[in-house]
Amino acid sequence: YINLESNRILKSCFIKLNDSVNFFKTNDNKASGKFMIEDDGKFSIHLVDPRGITNRDPIPYHINILPDNNPVIKVINPEPVITLGNSQIIEYELDIEDDYGFSNLQLAYEIRRPKYLGVEPYIAMFKIPDLNQDTTKQLIKTHWNLSDLMLMPDDEVYYHFELSDNDEISGPKKTISNTLIAKVPSLSDLYEKLEEEEENINEQIIESIDDL
């Protein structure tokens, strides 16, 4: 957007942008207009008064476009593969960054049932509300409660995070994190764990008896 004021009454005003010419609106000694920057180059502003006299040696303004880089997302927690406990809550911590800002952060997941059930995977996603769109760097530390998914023994949840920037010129660019896995222990795993706990208890009792 350009607004200018001249020391003379203006008959016309135009801008030379690379190889194109665009006329601005004039009112007495003022003019205004706008143009879209799409490529590197230069522009100059030309004024014409009622006598046809123009401004001498218009100043060339050079245009350099700074690229809008892809957003960056780093998963600090959890580990790539975890085993869910009784609470079925995943604590996660994300370090996100972009050169101009964010527009959306979401979590996409896929529930894979045991192969012997012959069930197709369930796929869904949801928006993470903790995103601050007015900053270029943010640390997000929150949790995901999986209790509503009604997970069963031997289920596996594959999930990842998707971060989009706020590029309104060429469209938001998206970065996808690595895939993480949350496993629900199988019945055999639970039995083995119970047996290990029983063995540990028996060993503790034997040690106590020996001490006595």
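The stops below begin with the whole chain and then turn to individual residues.

**The whole chain**

Please bear in mind that this is a predicted model. Display the protein chain as a cartoon: it has one helix and 16 strands. Along its principal axes, the C-alpha trace spans about 115 × 45 × 25 Å. The radius of gyration of the protein chain is 32 Å, whereas a compact globule of 212 residues would have one near 17 Å.

Next, show the surface. Its accessible area comes to about 14,900 Å², and carbon and sulfur atoms account for 50% of this. Of the 212 residues, 34% are buried. Among the contacts with a separation of 6 or more, 62% are between residues 24 or more positions apart.

**Leu149**

Select Leu149, which lies in the loop between β13 (137-145) and β14 (156-165). Is Leu149 buried or exposed? Its relative accessible area is 17%, and because buried means under 20%, Leu149 counts as buried.

Which residues is Leu149 in contact with, leaving aside its neighbours within four places in sequence? They are Tyr109, Ile111, Arg113 and Trp144.

**Aromatic pairs**

Show the aromatic side chains; the structure holds 10 aromatic pairs. One of them is formed by Phe14 and Phe23, whose ring centres are 5.4 Å apart and whose planes meet at 50°, so the pair is tilted.

Move on to Tyr109 and Trp144, which form a tilted aromatic pair, with 5.2 Å from centre to centre and 50° between the planes. Tyr109 lies in strand β11 (residues 102-112) and Trp144 in strand β13, so the pair ties together parts that are 35 residues apart in sequence. Both Tyr109 and Trp144 are buried, and both are in contact with Leu149.

**A charge over a ring**

For the last stop, select Arg112 and Tyr158. What sits over the ring of Tyr158? It is the charged end of Arg112, at 3.7 Å from the centre of the ring.

Notes. Residues are numbered from 1 along each chain as its sequence is written. This is a predicted model: local features need pLDDT of at least 70, side-chain atom pairs count only at pLDDT 80 or more; totals for chains, interfaces and linings use all residues. Side-chain values use heavy atoms; hydrogens and water are left out. Helices (H or I, at least four residues) and strands (E, at least two) are DSSP runs, numbered from the N terminus. Buried means under 20% relative accessible area, exposed over 50%, partly exposed in between (1.4 Å probe, protein chains only). Contact means heavy atoms within 4.5 Å. Rings of Phe, Tyr and Trp (its six-membered ring) pair if their centres lie within 6.5 Å; planes under 30 degrees apart count as stacked, over 60 as edge-to-face and the rest as tilted. A charge sits over a ring if NZ of Lys or CZ of Arg is within 6 Å of the ring centre and within 35 degrees of the ring normal. The radius of gyration is taken over C-alpha atoms; the globule rule is 2.2 Å times the number of residues to the power 0.38. Accessible areas come from the Shrake-Rupley method with a 1.4 Å probe; for residues, only the protein chains shown count as cover.
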